[in-house]
Amino acid sequence: MKLLAPSILSADFWRLGEQIMACVEGGADIIHFDVMDGHFVPNITFGPVLLESIKKHCPLPLDAHLMIENPERYIPDFIKAGADMVSVHIENTPHVHRVIELIKKLGAKAGIVINPGTSLSLLEEILHYVDFVLLMSVNPGFGGQRFIERSLQRIRSLRAMVDSINPNILIEVDGGIKEDNILKVSRVGANILVVGSGVFSAQDIEAQTRKLKNMLISSEAL
Ligand code: DX5
Ligand code: ZN
């Protein structure tokens with residue numbers, strides 16, 4: 001299964017509703033929602049209030065990627081606002097089992113996120129509990145960064161770990177994915193492809209979404 005998840009971090013917020021609907025019309029599967037607090041990452045974005053407004057109009061699942069300190073404090077608010085998927089970073093979540101169980105108990109899909117410099121071995125135990133892993137292919141904080149090439153090997157290794165521990169887990173990859181590398185990332189084992197600037201910097205967002213989605217569909221047919 002290959003799913004396209006546009007990240008609204010690179011949207012024009014003046015036209016946010018219109019641009020999200022362009023993604024919907026273009027065949028996106030999920031809307032990726034990057035939450036940053038200016039502490040865990042050096043940038044500040046948006047919170048549950050915005051997610052709630054999007055939820056009222058957007059028919060797609062909403063995927064809240066929490067780049068914040070003390071994520072457990074805000075998880076109930078995000079799920080109440082309508083987040084269907086919630087992920088927390090392994091790097092700032094000491095009681096990771098408790099937090100993953102909290103997300104599931106509140107009715108959302110639970111994900112663990114891992115930064116480019118963090119060893120995959122740290123995921124081994126929590127893979128028994130999560131619904132998805134979000135592997136960062138840039139350092140979190142900003143859209144428009146360059147894809148770190150070593151991520152391809154990491155996705156391959158993660159795929160092998162997931163297949164041996166819990167094959168139902170989906171692998172989501174986030175950062176620097178564009179039309180020139182999306183198929184490479186997909187082929188090494190990603191299921192959910194997050195694309196921010198690669199969708200929203202296009203003149204025609206709907207056409208760009210459709211193009212990326214069609215690339216994923218035709219690669220699956222091979
Ligand atoms: C980075 C965010 C990403 C980002 C991706 O911290 O988690 O979701 O928006 O944007 P691009 O595709 O432009 O790298
Ligand atoms: Zn993200």
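Colleague: Into how many nonpolar, polar and charged residues does the shell around ligand 1 divide?

Modeller: This is a predicted model, in which local features need pLDDT of at least 70, side-chain atom pairs count only at pLDDT 80 or more, totals for chains, interfaces and linings use all residues, and side-chain values use heavy atoms without hydrogens or water. Residues are numbered from 1 along each chain as its sequence is written, while chains are lettered from A and ligands numbered from 1 in the order written. Counting Asp, Glu, Lys and Arg as charged, Ala, Val, Leu, Ile, Met, Phe, Trp, Tyr, Cys and Pro as nonpolar, and the others, Gly among them, as polar, the shell has eight nonpolar, ten polar and two charged residues.

Colleague: Which residues come nearest to ligand 1?

Modeller: A residue belongs around the ligand if one of its heavy atoms lies within 4 Å of it. Of the 20 residues found there, those that come nearest are Asp34, Gly144, Asp174, Gly176 and Ser197.

Colleague: How much of the area that ligand 1 exposes when taken alone does the protein bury?

Modeller: A backbone N or O atom of Gly144 lies 2.8 Å from an oxygen atom of ligand 1, and for Gly176 and Gly196 the distance is likewise 2.8 Å. Taken alone, the ligand exposes 380 Å² (Shrake-Rupley method, 1.4 Å probe), and of that the protein buries 100%.

Colleague: Which element gives the most residues to this shell?

Modeller: Strands here are DSSP runs of E with at least two residues, numbered from the N terminus. The elements that give two or more residues to the shell are β2 (31–36), β3 (62–67) and β8 (192–195). With three residues, the one that gives the most is β2.

Colleague: What volume does the largest cavity have?

Modeller: A cavity is a set of points, on a 1 Å grid over the protein atoms alone, where a 1.4 Å probe fits but cannot get out. The space taken by ligand 1 is the largest cavity, a molecule being placed there if more than half of its atoms lie within 2 Å of the grid points. With points joined across faces, edges and corners, and volume taken as the space filled by probe spheres set on them, the largest cavity has about 210 Å³.

Note on methods
A polar contact is a pair of N or O atoms within 3.5 Å; within protein, one must be able to donate a hydrogen and the other to accept it, and residues adjacent in sequence count only if both atoms are side-chain atoms. On a 1 Å grid over the protein atoms alone, a cavity is a set of points where a 1.4 Å probe fits but cannot get out, and a pocket is an open set with protein on both sides within 12 Å along at least five of seven lines; lining residues have an atom within 4 Å of a point. Helices (H or I, at least four residues) and strands (E, at least two) are DSSP runs, numbered from the N terminus.
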